[in-house]
Amino acid sequence: MFRRKLTALDYHNPGGFDCTDESQFRNCIVWLEDQKIRHYKIEERGNLRNIPSSEWPKAYQKYLQDLNCPFAGEERQESVDWLLGLAVRYEYGDNVEKYKNVQPLASNSNGDKPADPLVNLDSDSGNSPDFKAGVTALANILKIQRHDDYLVMLKAIRILIQERLSPEAIAKASQTKEGIPVALDKHMLGFDTGDATLNEAAQILRLLHIEELRELQTKINEAIVAVQAIIADPKTDHRLGKVGR
């Protein structure tokens with residue numbers, strides 16, 4: 001399940017690695033730290049290199065915490081996948097000249113509208129531990145609630161990134177909203193407190209309340225549209241050529 005990342009890192013046995021094998025698992029972690037991640041100084045790696053020690057799990061847990069890994073040592077598959085991803089990023093950082101000229105794959109030109117990449121995920125890809133670990137790690141980082149269907153979680157991650165973390169969204173959020181002057185005497189309060197100052201305060205509060213109601217209505221409309229989009233998106237089994245459950 002980790003073959004692609006291990007191959008990219010030039011691991012000696014990417015196809016035969018089994019993280020459920022305690023010896024293979026510990027040796028791989030030490031190899032990642034020594035050869036790729038290099039978070040500790042050499043003299044600080046003693047506890048991690050002491051593979052036969054009964055205290056090794058504690059050293060591994062501390063190692064994950066020092067790296068700010070979102071997974072605990074007990075979550076073996078997820079933590080290994082996260083470490084491999086970190087190692088791949090460091091590998092690129094150490095070999096920028098080697099990879100910067102790599103050309104991306106040609107985009108699909110069969111239509112003007114780009115295809116949804118999530119449609120191409122088959123059942124095997126969606127159920128692989130490697131895929132689940134990556135989606136879970138992203139959800140934890142973005143503080144997205146977990147879901148039993150990992151494709152649903154991935155869609156939620158994509159929506160959050162598009163709406164909150166895209167350059168356009170960040171630029172829009174950074175803009176300062178300037179208020180529009182309002183003439184209070186043109187807005188009827190509907191009652192009289194007997195005090196001019198209190199009347200003005202009540203008018204202001206009423207206008208603010210109306211603005212909040214408008215924002216609430218907008219969010220309700222967005223929620224309705226989102227629910228309709230989910231209802232109108234039936235599950236498709238491409239192998240059977242059928243649409244529906």
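The following is a dialogue about how terms are applied to a predicted model of a protein chain.

Student: What does the protein chain contain, and in which pattern along the sequence?

Tutor: The protein chain has eleven helices and two strands. Read along the sequence, the pattern is α-α-α-α-α-α-α-α-α-α-α-β-β. Buried residues make up 24% of its 245 residues.

Student: Which residues of helix 2 and helix 4 meet?

Tutor: In helix 2 they are Phe25, Arg26, Ile29, Val30, Glu33 and Ile37, and in helix 4 they are Trp56, Pro57, Tyr60 and Tyr63. By class, this contact of helix 2 with helix 4 has eight nonpolar, no polar and two charged residues. Arg and Glu count as charged, and Arg26 and Glu33 are among the residues that meet.

Student: How many aromatic pairs are there, and what makes the pair of tyrosine 11 and tryptophan 31 edge-to-face?

Tutor: The count comes to seven aromatic pairs. For tyrosine 11 and tryptophan 31, the ring centres are 4.9 Å apart and the planes stand at 70 degrees. Centres must lie within 6.5 Å for a pair, and planes over 60 degrees apart count as edge-to-face. Both conditions hold, so tyrosine 11 and tryptophan 31 form an edge-to-face pair.

Student: Which parts of the chain does the pair of tyrosine 11 and tryptophan 31 tie together?

Tutor: Tyrosine 11 is in the loop between helix 1 (3–8) and helix 2, while tryptophan 31 is in helix 2, so the pair joins parts that are 20 residues apart in sequence. Tyrosine 11 and tryptophan 31 are both buried. They also belong to one aromatic cluster, formed by Phe2, Tyr11, Phe17 and Trp31.

Student: What makes phenylalanine 25 and tyrosine 60 an edge-to-face pair?

Tutor: Their ring centres are 5.2 Å apart and their planes are at 90 degrees, so the pair is edge-to-face. Phenylalanine 25 lies in helix 2 and tyrosine 60 in helix 4, so this pair ties together parts 35 residues apart in sequence. Phenylalanine 25 and tyrosine 60 are buried.

Student: Why is helix 8 called oblique to helix 9?

Tutor: Helix 8 (residues 129–142) and helix 9 pack at about 40 degrees, with axes 10 Å apart. That angle makes helix 8 oblique to helix 9. The crossing of helix 8 with helix 9 is left-handed. Residues that meet include Phe131, Val135 and Leu142 in helix 8, and Tyr150, Leu154 and Leu165 in helix 9. By class, the contact of helix 8 with helix 9 has 13 nonpolar, one polar and one charged residues.

Student: How do you know that alanine 156 is partly exposed?

Tutor: Alanine 156 has a relative accessible area of 29%. Buried means under 20% and exposed over 50%. The value of 29% lies in between, so alanine 156 is partly exposed. Alanine 156 lies in helix 9 (residues 150–165).

Terms used: Residues are numbered from 1 along each chain as its sequence is written. This is a predicted model: local features need pLDDT of at least 70, side-chain atom pairs count only at pLDDT 80 or more; totals for chains, interfaces and linings use all residues. Side-chain values use heavy atoms; hydrogens and water are left out. Contact means heavy atoms within 4.5 Å. Helices (H or I, at least four residues) and strands (E, at least two) are DSSP runs, numbered from the N terminus. Rings of Phe, Tyr and Trp (its six-membered ring) pair if their centres lie within 6.5 Å; planes under 30 degrees apart count as stacked, over 60 as edge-to-face and the rest as tilted. Buried means under 20% relative accessible area, exposed over 50%, partly exposed in between (1.4 Å probe, protein chains only). Axes are lines fitted to C-alpha atoms, for helices over the stretch in contact, and angles run from 0 to 180 degrees between N-to-C directions. Angles under 35 degrees count as roughly parallel, over 145 as roughly antiparallel, 65 to 115 as roughly perpendicular and the rest as oblique. A crossing is left-handed if the near helix is turned anticlockwise from the far one by less than a right angle, and right-handed if clockwise.
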